[in-house]
Amino acid sequence: MNITNCKSSSRNSMNLVDRYVQAVRFWVPKAQQDLIAEMAEDLRSQIEAKEAELDRPLDESEVSAILKRCGAPMVVAGRLGSKQYLIGPTLFPIYVFVLKMVLLWILLPIFIFIIGPVNLGNTGGDWGLAVARTFGDLWSGLFVAAGMITLVFAILERTQVQLGLADKWDPRSLPPLRKQERKPTLFHSFCEAMFSSIAIVWLLLLPHYSGLILGPARAFLQPGLLWHTFYIPILLVALVGFLRPAITMSRPQWPWFPHLAQLVQTGLTLILVHAMLNASIPTVNGDWHPFVVLTDAARNSAQYIRVAAIVNVSILISLASTWLGLSIAGVIQTWQFLQYLRKKKFVTAQPASLQAQ
Amino acid sequence: MYVTYYMANGTNNADVLENLKLELRRGCLIVAVLAQLRLEQYGYTLRKALADDGLAIDEGTLYPLLRRLETQGLLVSQWREEDKRNKRFYRLSPVGEQILNQLLEEWNSINASLRKILQEAQI
């Protein structure tokens with residue numbers, strides 16, 4: 001804009017305005033450039049009005065104060081320009097939902113249950129290296145997946161694809177109401193405590209009566225050394241299994257306890273099963289600890305050797321399945337506990353709800 | 001319609017009030033701008049007139065608003081030279097005149113309802 005006709009203003013002051021306008025123009029799209037011209041005219045009118053009021057030209061600091069009041073160039077450009085979205089408000093909730101589904105419920109479990117164990121195998125059982133590799137892969141995987149999803153949604157936003165979400169819906173096709181979260185009933189906790197106490201008694205009797213687990217097979221099979229090593233930890237986990245429902249019954253004022261205790265019990269069991277699996281899997285040196293071994297009388301029988309092998313493999317598969325099931329349960333229980341904490345925080349922070357027409 | 005009044009811990013009440021005041025002003029500003037532009041004016045004089053009447057509005061808010069109202073057909077504008085400077089003059093279009101009258105009716109109706117509600121609530 002030509003400023004030479006502003007006779008009353010000093011050249012330096014108008015130079016400052018031009019520099020300011022140029023800085024704002026840099027951030028404003030071409031379609032909105034005429035707004036810049038209007039704003040520049042407004043600024044000059046302000047300076048002129050002030051000069052008329054003071055009956056002298058403004059100095060640089062006074063012009064600078066007017067421009068400062070107007071705002072930083074980037075902020076002013078943001079106000080002048082039209083609102084721009086990478087992903088608009090219509091698509092944004094769907095974008096967040098898809099992002100959560102893919103990252104939390106697909107990618108994370110794949111890395112924990114598939115990529116992690118594969119890395120563990122590839123590193124020859126080196127846990128540290130396997131975890132580091134898995135985290136590295138997970139980190140880049142999360143970025144790539146999030147980037148791809150964002151790109152797809154940004155393209156949807158730009159191409160204005162009509163998903164027809166506003167029209168193509170039927171109230172009758174809405175999902176049913178979610179069931180209210182059910183607290184463990186007294187009867188449920190009582191049954192759990194009772195069965196846990198039976199299990200503890202059974203475990204306590206086991207060292208003296210091996211028939212309780214082996215049945216008639218005790219004639220040619222006996223528990224391996226592994227059970228002696230893990231007997232106390234198993235007993236302790238069983239004790240936790242008894243205490244959890246017992247405390248739930250006796251402390252109903254602790255609503256957080258069942259969630260947390262269940263999670264702790266799952267974690268402890270998972271650690272125990274993992275340690276048992278580690279001990280039972282043959283090492284590179286050929287050392288391993290079978291679950292059952294043959295008695296001295298049956299040691300040379302080919303038939304019993306085959307039976308012992310089948311029993312060992314069956315127990316190994318059962319433990320591996322248990323480990324997988326507990327891992328999934330652990331993820332779900334962690335999620336449920338976090339949901340519980342979030343709800344609790346929300347309820348605490350929400351003192352009132354007003355209904356208005 | 002359900003309005004949830006949510007006050008999280010640490011929320012600054014002054015910020016909440018400022019946001020609510022901005023929301024309240026937003027609709028009123030449009031009516032004020034349309035009413036002021038019954039007489040032709042350019043940006044700076046319009047801003048000054050609004051500020052003198054107690055409704056100050058910054059450049060970054062006014063010019064995009066004028067652009068939007070013009071796109072909606074409520075204003076007409078013209079670049080013209082005055083005092084050897086190019087200025088964009090705005091005035092209300094015939095459609096804008098009609099819309100302004102309807103908005104003022106709505107404004108009066110809302111005002112009356114609000115007064116009634118406040119009297120009933122004895123505020």
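A: A residue is buried if 20 or more other C-beta atoms, placed from the backbone, lie within 10 Å of its own, exposed if 12 or fewer do, and partly exposed in between. By that rule, 13% of the 357 residues in chain A are buried. The model is predicted: local features need pLDDT of at least 70, side-chain atom pairs count only at pLDDT 80 or more, and totals for chains, interfaces and linings use all residues. Residues are numbered from 1 along each chain as its sequence is written, while chains are lettered from A and ligands numbered from 1 in the order in which they are written.

Chain A has eleven helices and three strands (DSSP runs numbered from the N terminus: H or I of at least four residues, E of at least two). Among its contacts (C-beta atoms placed from the backbone and within 7 Å) between residues at least 6 apart in sequence, 71% join residues at least 24 apart.

One helix pair joins α4 of chain A (residues 73–80) to α3 of chain B (residues 59–71), with axes 8 Å apart and an angle of about 25°. Axes are lines fitted to C-alpha atoms, for helices over the stretch in contact, and angles run from 0 to 180 degrees between N-to-C directions. α4(A) and α3(B) are therefore roughly parallel (under 35 degrees; over 145 is roughly antiparallel, 65 to 115 roughly perpendicular, the rest oblique). On the α4(A) side, Val76(A), Arg79(A) and Leu80(A) meet Gly60(B), Thr61(B), Tyr63(B) and Pro64(B) of α3(B). This contact of α4(A) with α3(B) has four nonpolar, two polar and one charged residue (Ala, Val, Leu, Ile, Met, Phe, Trp, Tyr, Cys and Pro are nonpolar, Asp, Glu, Lys and Arg charged, the others, Gly among them, polar).

In a second pair, the axes of α2(A) and α2(B) come within 8 Å and cross at roughly 60°, so α2(A) and α2(B) are oblique to each other. Here Glu38(A), Glu41(A), Asp42(A), Ser45(A) and Gln46(A) face Gly43(B), Tyr44(B) and Arg47(B) in contact. The contact of α2(A) with α2(B) divides into one nonpolar, three polar and four charged residues.

Leu80(A) also belongs to the largest nonpolar core, of 33 residues, where Val17(A), Leu80(A), Leu37(B) and Leu75(B) touch the most other members. Such a core is a set of buried Ala, Val, Leu, Ile, Met, Phe, Trp, Tyr and Cys residues joined through C-beta atoms within 7 Å. Its largest share, six residues, comes from α1(A). Leaving out residues up to four places away in sequence, Val17(A) touches Ala40(A), Leu43(A), Arg44(A) and Val63(A).

Definitions and conventions. Two residues are in contact if their C-beta atoms, placed from the backbone, lie within 7 Å.
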